[in-house]
Amino acid sequence: MKFNTFLLHNADPAGNDSGATLPPIYQVSAFAYDSAEKLEKIFNNKAAGFSYSRVGNPTVSAFENRIAALEGGIGAVACSSGMAAITSVLLNILSTGDEIIVSTGLFGGTIELFNDLKAFGITAHFLDAITYENVSKAINENTKAVFTELIGNPKLDVVDIESVSKACRERNVPLITDSTTATPYLVNPIKYGADIVVHSSSKYINGGGNSISGVIIDSGRFKWDTERYPGFRDYIKFGPFAFLSKLRNGIWRNMGSCLSPFNAFMNLVGLDTLGLRMERCCENALKLAEFLEGLDNIKVNYPGLESSPYYELVQKELSGKGGAIVTIRAGSKEKAFKLINSIEFACTATNIGDVRTLLIHPASTIYTHSTEAQRISAGVYDDTIRISVGIEDIDDIIEDFRQAAGDL
Ligand SMILES: *Cc1c(COP(=O)(O)O)cnc(C)c1O
């Protein structure tokens, strides 16, 4: 089956045999049983079943199962936000004294999280480019993970997961990929060798800008050596499910990072049209980038443009689609603000992956807590504008940017 058919028909959509095409919203906190023995078994993982929605919920499970199938993983854990997903993955693997290799082009919130983790004795080493050579050189005996975005938001650098995962495998370090901006429509990182995938499903997976959420998908392939990862000692008996069972029984559950059933339902509704939306957004983004490239007063960054250094990789890894984010440089902060304020219908908002075109000045917003050096290496300059291209009619989007840029 091709993408959209598989997306719509890969699983019993309701997670039961009612025939419903979507699951009901099980908007409850707890699940009742007719005996103390039954609940004892469920609490001790001796019987399947739900006990409490912080630990598991049927509507949330339906979402997790569809995403796991779509990414080619062995299972998934849904979270209250993309940041909760990233935090849970890191704390499930790392402990005091551990080091992690990460890219400088990460989402602002993730960079801030690595600052927070310093207090717990976890050190992040930032690399300007996540490549086979750089990662091989940077891995040392304390390195316990490599974390990168597949298409950096907003740097828009594309990582060659196939070669980077090779560098990780050679040293037995897991590769964690934030695939939010790529989505399973463009690529399954697990197919290219990533061990763990995370998404902020607040973005393209939900698609309508109506629910904050995140999701973690595990390939089940990484071999957790209990000398290097002593936290896995009690979980290694679960074989390929070691990572997911440690997560579910540990930090994810105990931090309370669960996704609400209502938001899981909204994501399931959004997920149905992921392929259609991505096809349209990517096509619009390319056309807008091509138009903007023709303007003298604007510099454009879009990995799907032939002029981009990532063009070849986009053809190989992302089946020729460069995603739906375009960044431009307007010449100065004043000009960037003027352009944003002259845009007529695109919304000035801090989000991506909405059906509506959104734009923002990242330096004064998402990266306002970063240092100048962090901003520059994340591809965020004083005059940078990030555009999350929506599904509107491309002629109207281009016309809006034409009139706004004409004034600069
Ligand atoms: C938005 C985003 C996040 C954070 O997700 P939230 O759902 O806002 O917590 C993480 N990574 C990337 C690439 C993002 O775009």
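**Overall fold and ligand site**

Author: Among contacts in the chain between residues at least 6 apart in sequence, 73% join residues that are at least 24 apart. Please keep in mind throughout that this is a predicted model.

Reader: How many helices and strands does the chain have?

Author: The chain has 16 helices and 12 strands, and its C-alpha trace spans about 70 × 50 × 40 Å along the principal axes.

Reader: What radius of gyration does the chain have, and what would a compact globule have?

Author: For 408 residues a compact globule would have a radius of gyration near 22 Å, and the chain, with 21 Å, agrees with that. Of those 408 residues, 54% count as buried, while the chain exposes about 17,200 Å², of which carbon and sulfur atoms supply 52%.

Reader: On to the ligand, then: which residues are closest to it?

Author: The ligand is surrounded by 14 residues, and the closest are G82, D178, S200, S202 and K203.

Reader: Which atom of D178 lies 2.7 Å from a nitrogen atom of the ligand?

Author: That is a polar side-chain atom of D178. The protein covers 91% of the 380 Å² of accessible area that the ligand has on its own.

Reader: Since N153 has come up, what kind of peptide bond runs from N153 to P154?

Author: The bond from N153 to P154 is cis, with omega near 10°, and P154 sits in the loop between strand 4 (143–149) and helix 7 (161–170). For background, most peptide bonds are trans, and most residues other than glycine have a negative phi.

Reader: Which phi value does N45 have, and where is N45?

Author: N45 has a phi near 55°, which is positive in a residue other than glycine, and N45 is in the loop between helix 2 (36–43) and helix 3. With a relative accessible area of 54%, N45 is exposed. N172 has a positive phi of about 55° as well, although N172 is not a glycine; its place is in the loop between helix 7 and strand 5 (175–178), and at 28% relative accessibility N172 counts as partly exposed.

Reader: Changing topic to the interior, how many residues of helix 9 are buried?

Author: Six of the eight residues of helix 9 (residues 242–249) are buried, namely A242, F243, L244, S245, K246 and L247. These buried residues pack against strand 1 (75–79), helix 4, strand 6 (196–200), strand 7 (214–218) and helix 10 (251–255).

Reader: And why is helix 11 described as largely enclosed?

Author: Eight of the 11 residues of helix 11 (residues 261–271) are buried, so the rest of the structure largely encloses helix 11. Among the buried ones are F265, L268 and L271, and the packing partners of the buried residues are helix 1 (3–9), helix 3 (58–71) and helix 12 (274–293).

Methods
Residues are numbered from 1 along each chain as its sequence is written. This is a predicted model: local features need pLDDT of at least 70, side-chain atom pairs count only at pLDDT 80 or more; totals for chains, interfaces and linings use all residues. Side-chain values use heavy atoms; hydrogens and water are left out. A residue is near a molecule or strand if one of its heavy atoms lies within 4 Å of it. A polar contact is a pair of N or O atoms within 3.5 Å; within protein, one must be able to donate a hydrogen and the other to accept it, and residues adjacent in sequence count only if both atoms are side-chain atoms. Accessible areas come from the Shrake-Rupley method with a 1.4 Å probe; for residues, only the protein chains shown count as cover. Helices (H or I, at least four residues) and strands (E, at least two) are DSSP runs, numbered from the N terminus. The radius of gyration is taken over C-alpha atoms; the globule rule is 2.2 Å times the number of residues to the power 0.38. Buried means under 20% relative accessible area, exposed over 50%, partly exposed in between (1.4 Å probe, protein chains only). Contact means heavy atoms within 4.5 Å.
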